[in-house]
Amino acid sequence: MPKPTIELRFDDVTAGYGGLPVLEHLSFSVREGERLGLIGRNGAGKTTTLATAMGLADLMKGRIHFGGDDIGNASTYARSRAGLGYVPQSRDIFPSLTVEENLLSGLQGRSASVALPPIYALFPRLKERRRNGGTQLSGGEQQMLSVARALVGQPRILLLDEPLEGLAPMVREELMDAIVRMSDQLGVGCIIVEQHVDVVLEFSNNVIVLERGLAAYSGSAAVLSGEEALLNRTIGIQKC
Amino acid sequence: DVIKVGVIAPMSGPFSAVGQTWEGATKAYQKLNGTTAGGHTIEVIYRDLPEINPAQAKALAQELIVKEGAQYIAGLYFTPDTLAVAALAQEAKVPVVIFNASTSSLLDKSDFLLRTSYTLPQMAVPVAKYALEKNVRNAVTLVSDFGPGLDAEKGFTTAFVSGGGKLLEAIRAPLKTTDFGPLMQRVKALKPDALYVFAPGGPATYAMVKAYNEAGLRAAGVRFLGTAETDEDQLRAIGPDLLGIETGMFYSATHNSPLNNAVIKALGEVAPKAIPTVQLANAYDGLHVIYHMVKATDGKRDGAKALVSAKGHSWESPRGPVKIDPASREFVQNVYMRVVEKDPSGRYVNREFRTFEMQPDYGRTQNASK
Amino acid sequence: MSLALLSSILIDGVAYAMILFMITVGLSMTMGLMRVVNLAHGAFAMLGGFLAATIPQRLGVPIWLGFVLAIVLVGLVALLFERILLRRFYRRDDLDQMLMTIGLMFVATAAVNLLFGSTVTSVALPELFNGTVDLGFRSIPRHRLIVMACGLVVVCILWLAVDKSSFGIRVRAAVDNAPIARAIGIDTTKIYAATFVMGAALAALGGIAGAELLPMEPTYASKYLVILLAVVAVGGNGNLFGSFFAALLLGIVETSMKYMVPQLASAAFFLTMIIVLLVRPQGLFGRHA
Amino acid sequence: MTHRLQTHGLCHSFGGLAVTQNVTLSLPLGARTALIGPNGAGKTTLVNLLSGAMRPQSGDIQLDGRSIVQLPQYARVRNGIVRTFQISRLFKELTVADNVRVAVLQRHRASMQWWPSPARSARVREDVDETLGMLGLHPYANRVVGQLALGEQRLAEIALALAMKPQVLLLDEPGAGVPQGEGGRIMEAIGSLPKDLSVLLIEHDMDLVFRFASHIIVLVAGAVMVEGTPQEVAANEQVKQIYFGRDGHAQAHH
Amino acid sequence: MNAVSAPMTVTAPSRVRPWMQLRGELVLMLVGLLAFVLFPQDLGLLTNMATMSIFALSLSLVLGQAGIATLGQAALYGSGAYVAGWTALYLTADPIVGLLLGGLGGGVIALLSGAVMLRSTKLTLVMLTIAVAQLLLELANWARWLTGGDDGLAGFNIGPLLGIWEFNFLSYTGYFYALGALVLVYFLLRNLVESPFGLTARAIRQDPGRVQALGGRVYLHLLAVYTVGGIVAGLAGALTAQTSKVANLFMLDFTTSAGVVVMIVLGGTRRLSGAVLGTVAYMTIHHIASTLNPYHWLFFIGSMLIVVLIVLPEGLIGLVDRTVAYTKRPGRSGVAR
Ligand SMILES: Nc1ncnc2c1ncn2[C@@H]1O[C@H](COP(=O)(O)OP(=O)(O)OP(=O)(O)O)[C@@H](O)[C@H]1O
Ligand SMILES: Nc1ncnc2c1ncn2[C@@H]1O[C@H](COP(=O)(O)OP(=O)(O)OP(=O)(O)O)[C@@H](O)[C@H]1O
Ligand SMILES: [Mg+2]
Ligand SMILES: [Mg+2]
């Protein structure tokens, strides 16, 4: 019996902070197993997009659907329980918890003995340092922890805000491989915000380019690679 | 015309029961004696001073005098507040009748101060005499480490030692302490015949009495001699633990005189919630003095003359005969030895059983003799 | 120092310490887990004490049942308080939290004054608690022994319930960063409420247990505040065992001074606290931030 | 070649974990050195040791031949050693301009001033303007830092360091969180630094590293594994295995 | 939408006219005079408001600006009071000398206690400040011969101000003396807060480690702030002692420290004017509430505190700011849409 596919959909969403809109008229959808890339300059509204999905920014207009429900008014934790995983840009490790406790905090009722081993297999570094204070970790280790903490909750759609930041090149590759594996094999959907356009283009099926809160491009990654003028204008890079 | 009496009292906060009783007492006084004195209407107004705050006390007194036009200031529970008001009274030449603050040397601070409460030596000396009468040879004193406590300690010790008693030790407890267990253990080790104590009312007294019983001092036959520990509000709060405890004080609600019975009855009518403690007598007599001064000055604003009239004045108070000493302006009054008992209706009361008549402020005479 | 004196100091010190501990343990929990400096903790203890004093009389129930009812009632009050007011303050700075709870303390003081009067109210204890136990060279009130036992039981229960379960982890996560905690699926609302109610109920328990030593009256909440905070700070902000040993240290220091130089007992208490905090700013058992 | 900053046998460990193991390195005058290595290799810790935020357990640090290992952090900053933070640490309630001003005031040793002399405050103002200009932060000057996007905060983080006019600059992943396009701005700012300034750059973005560095040090498990020119390091098989991976290897050949 | 186009030199000095710069002081002075005219019979209360405002300012500097968490400011206030009392008793009746020595007393205590405490932070620091104040209180109680113990230090006389104006019970002199001191202290502190010294203090409050990384000497800076705060608190204590002619233990008490924290939070901690506003509001409410219904004034103040904290997180000064902002742009709603 095929499960109904789970989908996160934005319908004409306007959102921001404290009454001031940051994002305007944004629409997109991500399905299980799909990978959506989100790029744009500093302050374009990438983080705000993910925060809106999680209920951490104010939804001012439009609708957000997840798995068939309108979740625009749902509480953040309910969204998480429903299957949205979030890796915040600023990592936000809980400073008063150890590495392992940080992971346990994201368990959502699963048993630790089942949930942790695969995570430790993915990030052996975390296993070594599991008794350390969460914020005593190096920058890159914190990044790993942040991703791992979202993964223990077994999300259906994973929102990743610059997950590669601060990671050594090799670890980046391993992490990207793991995410691709996850979405291909387990059907986890992903939205990934990244600074490196090449990575995004290589990794995602679809891409949204945000420019001052508006979608300047929304479509397939393959097509975007050709649009050098657009990339130059919105992101300010010449592809080499 | 209306003559205003401004009373500075703890109407809120931890001592609000005092304020209530004062208010009730002045109402009762006016109910029994009318609202006029020598043809002048007396109006009593209250200002709240919940805790020690001399600056505020001064501001309140000033407001009462300047804004309300009060001719007399009264009340004042704490010594520091009274000191601030004393300085003001001296400048403004306004008579101040202290209802409570009991530090011995207080009246020296201004020529315009009178007091209708007591000083601790005034109570402690008779208690010491009583102890000697009862063949107490060795005693320990245990007082809270603050002005009144030290006054009490000194008063008791001087009288006790000069009467041939032996003071084994003088213990001073930090003011805020409520764990008297260790101190009572220490007393127990000293094996005295009697323990003389003084603690501020409320938690300290409560804990002290509990500890006295729990340490087995009562069982060991160590007499508990006190002063204000069995005030009527304490009786209500602590009850059974106080049974049999002896204290020397100038007033108890059960003092059997027609006047006192009338006053208690009046208080019950005008302020049913107020507890008839010594504060009833203090405020009642305070207002009496003020009435007297109003009559003597014919309602005129003349602080000096009012004071002159008050000196040497004597009258019948709910507590018995009283007199204002012409020289020192201190109150001269009876001190009663009382014991806590359960009355037929099941209430705990102080039963008076021995009277020391017309006691002066021994603090002054002791100071003078030094 | 004679042996009898020494053992007396120890006995009285430990008994006093256990009462301190019983009253502070709830505060230690809310502060350690929720990191809310709840200056109204004493108010919950006071409420517990007053209710415990009045419920058995008014309702005519057995004293122990009155105690249970009092604790439950305090928990309910705490729940209301947390849901209506406190929750708005989790993301505000410490100072605002302190002030908010001071406000609550004022209100509680006024309310208790109004309802129960301004004098000391004595909490009647069940028969079991009365009397003394003879130790040969001296006696000790039985209720102090019971309070000691109570203290030990509470440490153990809390240790199992908080330190050994994931509950503590989730509370701390929720407090560290509530939005992110929610984003990984923690229902911060429930967690906060449960923790706070537990802290308040413990406060009530402590208030009742300690009422013989720290008597119930309307200024209770502010009067013992400094002592409560001292125990928590010396113990290491919110560490259970820390509070336990801090209470022992401070209790014994103060008690021994009472045997020797009673006038300086309070000074010794604060001096000890200063020395400990200077040597170990994070408290005896505190983790480094 | 004169050595500005040198370390000799620097060691540090957290509990049982040796994070800095016998590190001996030197930054010559005008150095453009990059420090790379896997996550948790001890790069940030090294910056903490150099800047004086932590004291090494053994070893020596010298500035221009004088040992500074005993000097507290503020004294090292006054000697021109300035660092940035991998995770931005800014004064969140102050505006960007005031953030920079705090730094400039430290440099002028004017932070204790109560009555500022007009001449001095004019100089402070100029310096603040100049620093904001270097990173194109003027449009954000009057915005409260706490409300900026993280990438914007990165720029402010670097501005704080530049405002100190350092002689030895320790940059801990300045590019983290800055989009590729914007990264240019940081490179420009670093590029326009005085030639005699010595820079130690920590970065995981190999683009940035290879564009910037003339010398690369690879730190692994707290110890220096290799050092050399970019070409040498890029060609090193061990480094490829431990650090670059397949893609990074490609990047190294840009 | 976020491309805020700003002028190129954003940090140019704003050209304001002198009276605009002295706005706060002028308002304070005018309000003070107005109060004198309107409530000539409440000068006692008004005088206390002025002295307490100074006390609150000291805390606003220490806690609001530099973020030094303290619940022991009374230690500094009380010290100032006792020093002023001793000056009058043993040295000279001149009020100005007593005032300055009182300030010095507060400053010295702050310097000494700050030197040991200020390496700590947060709850530890709060507890240390409380403990120091309590210790001083115990000391003062113990040294009865010097301090009068719990009876208080009294019986001193304050000579005429500048040899001209007597302090009498009508307290005109006392009021203007206190008001003058308040305006002066406000002026000095405001400049301090706006100066590099103040900016650095605010930066330290937000991230001391970052200031250290910029070469700042956080501990010394905090010590300097705390000492200045001590001087100001000492001045306030001295003024109180001089105008009420009593210095007493209660001035060192925890309740006094907590009370002044309540006042500044009520007014707003981030701005000095909040301290004055909060003090005046608190004392006015206390005065009115306790006259109307003394039994329940704690209800008022307690609930008001909670309400203000919820409705006006920035304190009463936030209300003033909003009103000013609202009136300054007519025809515009508060929130830009
Ligand atoms: N909490 C907030 N309150 C007000 N404004 C905010 C807040 N967070 C972000 N903004 C503003 O919203 C805009 C978009 O910010 P956002 O964080 O979504 O950008 P971003 O695309 O993720 O940028 P970056 O690449 O720097 O992370 C920015 O102008 C930022 O200043
Ligand atoms: N205060 C500390 N206590 C205990 N361990 C620590 C502490 N600080 C760092 N560590 C550990 O030391 C190791 C080195 O950390 P460091 O931050 O120097 O790494 P890094 O090289 O900067 O890594 P990254 O590239 O990820 O930023 C890490 O494993 C980290 O967990
Ligand atoms: Mg972002
Ligand atoms: Mg690092």
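**Entry 1: a leucine in chain E.** I looked up E:L22 and found it in the loop between α1 (18-21) and α2 of chain E. (Helices here are DSSP runs of H or I with at least four residues, and strands are runs of E with at least two, numbered from the N terminus.) The model is predicted, so local features need pLDDT of at least 70 and side-chain atom pairs count only at pLDDT 80 or more, while totals for chains, interfaces and linings use all residues. Residues are numbered from 1 along each chain as its sequence is written, chains are lettered from A and ligands numbered from 1 in the order written, and side-chain values use heavy atoms, leaving out hydrogens and water.

Is E:L22 buried, exposed or partly exposed? I noted that E:L22 is partly exposed, at a relative accessible area of 34%; buried means under 20%, exposed over 50%, and partly exposed lies in between (1.4 Å probe, protein chains only).

Entry 2: I checked the length of α1 (residues 3-34) of chain C: at 1.5 Å a residue, its 32 residues should span 46 Å, and its end C-alpha atoms are 44 Å apart, which agrees. The expected span is 1.5 Å times one less than the number of residues. I also saw that 25 of the 32 residues of α1(C) are buried, so the helix is largely enclosed by the rest of the structure. Just after α1(C), I found C:R35 with a positive phi of about 55°.

**Entry 3: a sheet in chain B.** I traced 6 strands forming an open sheet in the order β2-β3-β1-β4-β5-β6 (chain B), with mixed pairing. Two strands pair if DSSP finds at least two bridges between them. β2 (36-37) and β6 (113-115) of chain B stand at the edges with a single partner strand each, so one side of each has no neighbour in the sheet. I then found B:T36 opposite B:T41 in β3(B).
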